[in-house]
Amino acid sequence: MVLEDLYAISVDWLNSLEAASSTGDIMLFVGHFLSDGWFRDLLCFSWNHRTLSGLEKLREFLSEIVDGKSRLEYSSLRDFKIDDHTINAPSPFKLPGSQGIEGVQAAFTFKITNPAALGRGFFRLAQDVDGKWKALTLFTNMQDLVEYEESLAIPQGLYEGRKITWEEDVEAKFRAIEADPTVLIIGGGQTGLMCAARLRMLRIRTLVIDKNARVGDSWRQRYPNLTLHTPAYQSSMLYSAYPTNFPRYIPKGKLADFLESYAVDQELCIWLSSSVESTPVYDSSSARWTVKVQRGDQKVFLNPKHVVLATGNGSPRIPTWNGMDEFQGALYHSDFHTDAEQFRGKRIVVVGAGNASGDMCQDFVAHGAAEVTLVQRSATCVISSATLEKTRFKPFYPIDTPIEEVDFRGNSMPIAFLLQLTKSGGIQHIKMLDKELHDGLREAGFNLTWELSPGSGEVGFEGFLFSRFGSTMLDVGCGKLIVEGRVKVKQGQEISHFDRDGITFKDSSKLSADVIILATGNEPIMKATRAILGNEITDKLLPPEVWGLDSEGEIKQAYRPSGHPGLWFAMGSFGTARFLSKHLGLQILARELGIA
């Protein structure tokens, strides 16, 4: 199709959709979708994240009554305009999978009547059996609340007519925040920092506390050979891309130092060496928390209206087996790995087969271990970093394209629909690209899977990422070591017990070891949540877990209502925090304005 046709198809469909929206005609609005179409809405029709599949579910949602009107009539989206000045202007698309769906896609802008807000949407149109263009997917996304838009103006750098310096200006702002923070963010890793930066631009007083002595220590203190497993251009921080001469895969120390400078550059108010001292208490009458914070050697009481938990991974998950205390060698969790060189010439066993396990194996091989064996207790989803970049990053992150545009288009795709496409054949291209690696791993005895459970369908890397942490290896070199035999694999047998010399398995086979590393992942986030908030609050959360997908395909709890007033969760990848921090900020702002 030529550009003029793409534009005409997009405009005709969008104008018709606006007519249905402006008149509150639910049947007409729903009639713009394919019978198996998808609708994802972030905050435009409700103060939540919703994904709906099928015409009946969409009709039911839009028919729900809000202040005496249907959702469609109450929100009253209007002033639809094709957004033709960005990379998301009308263009053709072809989706992966056995169906090979093709059509027209485009972004558009609109206004929301209730609440008064600005929105942006994205649609993918395909032809139905009668040749009519209808929505395969429609995404509606709140961008800003009117009169409270995110501040994107570039400051002049002159403060009160040069009467005060930048340092004095920042110090005055910090004093105001510390005296009465609206939001308290617990956790100063990349997610907590990005949320704080976003809230600052929405003019919401935000204080971050972190248990570490320096910003970035959550990375700085991890094992020596750790790098990001995703490329720098995809893993950038909100408002602040990495320098163009940074490594493709940023080493953990370099990332830690960048986060430290980011906190300064974004003027974030952070208390370091600070942690929650006792269980926070929420007063429903004042709608405020009482949080006792141990700040260095001082005890401070804070009364924020909102608490955001951005505590990252849970504590190390350390399984227990009989005889562990009898083992005579070194035994520790991968989170506490600091030095492979001291074990040069030793026999190493790494229990686990995910990302940390791969890093451990590479480190020990590089530092001259006599023998390295990986113990794989269950099947692993493996994708090489090269294939992930070729299929998931390079095509969607063009050079010189604002990452905000890329994030917007990426999030316009309903997660559940993405996984459906993967199950219907989208995974086959990825498996083909990694065929040599996968064949070699199988020959070495390594067990592979692309299913969350047997027979549930091959969802691949994304399915594991959204559904649970773990059971994946984004391969950056360990796979080759396994294929070459430099890392051996012990697979298919559960551990029976430890003894003085190593591990005995339930089939009576044994691995002798001088060093055993438990690369067994981390505890569920809810365990850390319970430790901070206590049982009474944690038991009220709906749903009772964080992360994973709900029945509609939206991430549980993260950046959306938790089930407890004034309590929020922030987590996930760099890209997740970059995009959804805005929605967290909008929900908090709306509550402060009394409109949510």
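## Salt bridges across the chain

A salt bridge is a side-chain nitrogen of Lys or Arg within 4 Å of a carboxyl oxygen of Asp or Glu. The structure described here is a predicted model, and a search of the whole of it finds 39 salt bridges. In one of them, the side chains of glutamate 150 and lysine 582 meet with an N to O distance of 2.9 Å. Glutamate 150 belongs to the loop between β9 (133–145) and α5 (166–179), while lysine 582 belongs to helix α17 (residues 574–593), so this pair ties together parts that are 432 residues apart in sequence. Glutamate 150 is buried, because its relative accessible area is 9% and buried means under 20%. Lysine 582, at 10% relative accessibility, also counts as buried.

Helix α17 also holds glutamate 592, which forms a salt bridge with lysine 305 in which the closest N and O atoms are 3.0 Å apart. Lysine 305 is found in the loop between β16 (298–302) and β17 (306–309), and the pair links distant parts of the chain, 287 residues apart. Glutamate 592 is partly exposed, with a relative accessible area of 31%, and lysine 305 is partly exposed at 27%.

## A local pair and a network

Side chains of opposite charge can pair when their charged atoms come close. Aspartate 439 and arginine 442 form such a salt bridge, with the closest N and O atoms 3.4 Å apart. Both residues lie in helix α13 (residues 435–443), and because they are 3 residues apart, about one helical turn separates them. An α-helix has 3.6 residues a turn, so residues three or four places apart point the same way. Aspartate 439 counts as partly exposed at 27% relative accessibility, and arginine 442 is partly exposed with a relative accessible area of 42%. Elsewhere, salt bridges that share partners join Arg214, Asp217, Arg220, Asp257 and Glu260 into one network.

## Strand β8 and its neighbours

Strand β8 (residues 117–127) is mostly covered, with 9 of its 11 residues buried. Strand β7 (residues 102–112) runs antiparallel to β8 and is joined to it by 9 bridges; glutamine 105, for example, has arginine 124 in β8 as its bridge partner. The two strands are connected by a hairpin of 4 residues.

Strand β8 also pairs with β9 in the antiparallel sense, over 11 bridges. Here glutamine 127 has tryptophan 133 in β9 as its bridge partner.

## Helices α10, α12 and α14

Which residues of helix α10 (residues 385–393) are buried? They are Ser385, Thr387, Leu388, Glu389, Thr391 and Phe393. These buried residues pack against β21 (381–384), α12 (415–433), α14 (460–467) and β22 (472–475).

Two of those neighbours, α12 and α14, also meet one another. Their axes come within 9 Å and cross at roughly 150 degrees. Angles over 145 degrees count as roughly antiparallel, and α12 and α14 are therefore roughly antiparallel to each other. The crossing of α12 past α14 is left-handed. On the α12 side, Ile415, Leu418, Leu419, Thr422 and Ile427 take part in the contact, and they meet Gly460, Glu462, Gly463 and Phe466 of α14.

Key
Residues are numbered from 1 along each chain as its sequence is written. This is a predicted model: local features need pLDDT of at least 70, side-chain atom pairs count only at pLDDT 80 or more; totals for chains, interfaces and linings use all residues. Side-chain values use heavy atoms; hydrogens and water are left out. Buried means under 20% relative accessible area, exposed over 50%, partly exposed in between (1.4 Å probe, protein chains only). Contact means heavy atoms within 4.5 Å. Two strands pair if DSSP finds at least two bridges between them. Axes are lines fitted to C-alpha atoms, for helices over the stretch in contact, and angles run from 0 to 180 degrees between N-to-C directions. Angles under 35 degrees count as roughly parallel, over 145 as roughly antiparallel, 65 to 115 as roughly perpendicular and the rest as oblique. A crossing is left-handed if the near helix is turned anticlockwise from the far one by less than a right angle, and right-handed if clockwise.
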